[in-house]
Amino acid sequence: MGRLATVDRLQKWGVNVQTECVLCSTGAEENLHHLFFQCSYSSYIWNSILSWLGETRRMSNWEEETDRLSRKTRNSRPRAQIVKFLYAATVYHLWSERNARRFQDKKKESQQILKEMTIQLHTRGQHFSKWRRVLESLNSYPK
């Protein structure tokens, strides 16, 4: 819904903040699209996840990806549920990393984020026996 307090939105509210994306530090202005899809840090994470899932496409933008995800995962198949989990986890981890860098001066490498997401996926998957076969094929860390 575009309600995250990204820098471009904060500035519209009159808040004086540094506009540069803290994930890639390229000087690009932080906005929803850049933060989650154009930023080299987030692109690396998305592309690693997609490759790990065996998909060869690239992520596009917030609206298209959310629409695509909702169409492709309307069923209760294990792979669809895992893809939904990974999409939500990626958004969560990117936003958390952005906040940690912006407000706490803490930093995690993208590989650490990928490892945390993988562990969370396999931990969550223990609650769903139907996920087991798909998770066995994802029995490594994304690269």
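Helices α5 and α6 are oblique to each other, and this predicted model can be toured from that pair.

Select α5 (residues 78-104) and α6 (residues 110-125). The two helices pack at an angle of about 140°, with their axes 10 Å apart. Their crossing is right-handed. To see the contact, show Ile82, Phe85, Leu86, Ala89, Thr90, His93 and Glu97 on α5, and Ile113, Glu116, Met117, Gln120, Leu121 and Arg124 on α6. Seven of the residues in this contact of α5 with α6 are nonpolar, three are polar and three are charged.

The crossing of α3 and α6 is right-handed. From α3, the contact takes in Tyr41, Tyr44, Ile45, Ser48, Ile49 and Trp52; from α6, Ser110, Gln111, Ile113, Leu114, Met117, Thr118 and Leu121. This contact of α3 with α6 has nine nonpolar residues, four polar and no charged.

Next, centre on Leu86. Which residues does Leu86 contact, leaving aside its neighbours within four places in sequence? They are Ile49, Trp52, Leu53, Met117 and Leu121.

Finally, turn to the largest nonpolar core, which has 35 residues. Select Phe36, Ile82, Leu86, Tyr87 and Leu121, the members that touch the most others. The elements giving two or more residues to this core are α2 (32-38), α3, α4 (62-72), α5, α6 and α7 (132-137). α5 gives the most, with nine residues.

Conventions
Residues are numbered from 1 along each chain as its sequence is written. This is a predicted model: local features need pLDDT of at least 70, side-chain atom pairs count only at pLDDT 80 or more; totals for chains, interfaces and linings use all residues. Side-chain values use heavy atoms; hydrogens and water are left out. Axes are lines fitted to C-alpha atoms, for helices over the stretch in contact, and angles run from 0 to 180 degrees between N-to-C directions. Helices (H or I, at least four residues) and strands (E, at least two) are DSSP runs, numbered from the N terminus. A crossing is left-handed if the near helix is turned anticlockwise from the far one by less than a right angle, and right-handed if clockwise. Contact means heavy atoms within 4.5 Å. Ala, Val, Leu, Ile, Met, Phe, Trp, Tyr, Cys and Pro count as nonpolar, Asp, Glu, Lys and Arg as charged, and the others, Gly among them, as polar. A nonpolar core is a set of buried Ala, Val, Leu, Ile, Met, Phe, Trp, Tyr and Cys residues joined through side-chain atoms within 4.5 Å. Buried means under 20% relative accessible area, exposed over 50%, partly exposed in between (1.4 Å probe, protein chains only). Angles under 35 degrees count as roughly parallel, over 145 as roughly antiparallel, 65 to 115 as roughly perpendicular and the rest as oblique.
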